[in-house]
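Hi,

Here is the structure you asked for. Have a look at it first, then read on for what turned up.

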Amino acid sequence: KAATRARKASTIRIFFKFLTQKANLLELNPAQNLENPKLDRRLPKYLSLEDSRKLLENTANEDENRNAIRDLAIITLFLNCGIRLSELVGINTTDIDFSECKLTVIGKGNKERTIYLNKACMKAINDYRAVRPQGKKDTKNSDKALFLSERQTRIGRRTVQNIVDRELHNAGLDSKQCSVHKL
């Protein structure tokens, strides 16, 4: 594929650059004018509006899952806010400003950003906070975490991935095509 050829050409260019500039073993870089193949642009995969509604309706089923309210809040935040998995896991209760409907998250590169929450997100978070158990006092500050696991500690990344996979499967969607990052 073109991506593989481009990666290998880049590796060759970098290697010869090292040989000419850092190690001084060559005077002329033979790979200097090596061209990259044209890469195809891939369209991002995403859920349709119908699939998103199906996922939300299926997640709200409390008969089968005792953590349905928590799971619905997680899915709702993923679908409406476009946050990363690490950002969701790292949310503390103090990060949410309920009066202004905004959420502050620490993102990639330790950058802080503010996300404005819509009514669906606020409702899902408030519904979850009403049934949220108290977190254990431990070194991970579980008492401050918004989303808690069965053991009343901060929910883990793998647990959230399993929740999303399970809910996608229950909604009849392909969990191989959609993932936490696609949501």
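N80 sits in helix α3, where helices are DSSP runs of H or I with at least four residues, strands are runs of E with at least two, and both are numbered from the N terminus. With a relative accessible area of 38%, N80 is partly exposed; on this scale buried means under 20%, exposed means over 50%, and partly exposed is what lies in between (1.4 Å probe, protein chains only). Along the chain, N80 and L183 are 103 residues apart, yet 8.7 Å separates their C-alpha atoms.

Before you go further, keep in mind that this is a predicted model: local features need pLDDT of at least 70, side-chain atom pairs count only at pLDDT 80 or more, and totals for chains, interfaces and linings use all residues. Residues are numbered from 1 along each chain as its sequence is written, and side-chain values use heavy atoms, with hydrogens and water left out.

Now to the salt bridges. The structure holds six of them, a salt bridge being a side-chain nitrogen of Lys or Arg within 4 Å of a carboxyl oxygen of Asp or Glu. Helix α3 also holds R70, and R70 bridges to D71, with 3.2 Å between the closest N and O atoms. Are these two buried or exposed? Both R70 and D71 are buried: R70 counts as buried because its relative accessibility is 7%, and D71 because its value is 0%.

R166 in turn forms a salt bridge with E167, where the closest N and O atoms are 3.2 Å apart. R166 is partly exposed, at 33% relative accessibility, whereas E167 is buried, with a relative accessible area of 3%. Through shared partners, these salt bridges join R70, D71, R166 and E167 into one network.

Next, the aromatics. How many aromatic pairs does the structure hold? There are two. In one of them, F15 and F16 sit edge-to-face, at 5.6 Å centre to centre and with 65° between the planes. For the cut-offs: rings of Phe, Tyr and Trp (its six-membered ring) pair if their centres lie within 6.5 Å, and planes under 30 degrees apart count as stacked, over 60 as edge-to-face and the rest as tilted. F15 counts as partly exposed at 45% relative accessibility, and F16 is also partly exposed, at 23%. F16 comes up again if you look at distances: R70 and F16 are 54 residues apart in sequence and 54 Å apart in space, C-alpha to C-alpha.

Another pair to find on your screen is Q134 and D40, which are 94 residues apart in sequence and 50 Å apart in space, C-alpha to C-alpha. Q134 lies in the loop between α5 and α6 and counts as exposed, at 66% relative accessibility.

That loop between α5 (119-131) and α6 also contains Q152. Its backbone has a positive phi, near 60°, in a residue other than glycine. Q152 counts as partly exposed, at 26% relative accessibility. C101 is not a glycine either, and has a positive phi of about 55°. You'll find C101 in the loop between β1 (96-97) and β2 (102-106), partly exposed at 28% relative accessibility.

Last, the surface charge. Which residues form a positive surface patch? They are K1, R42, K45 and K182. A patch takes residues with over 30% relative accessible area and no salt bridge, and joins like charges within 9 Å and nonpolar side chains (Val, Leu, Ile, Met, Phe, Trp, Tyr) within 5 Å. Lys and Arg count as positive and Asp and Glu as negative, with His and the chain ends not counted. K182 is found in the segment after α6 (157-170) and counts as partly exposed, at 35% relative accessibility.

Cheers

Note on methods: Accessible areas come from the Shrake-Rupley method with a 1.4 Å probe; for residues, only the protein chains shown count as cover. The place of a charge is taken as NZ of Lys, CZ of Arg, CG of Asp or CD of Glu.
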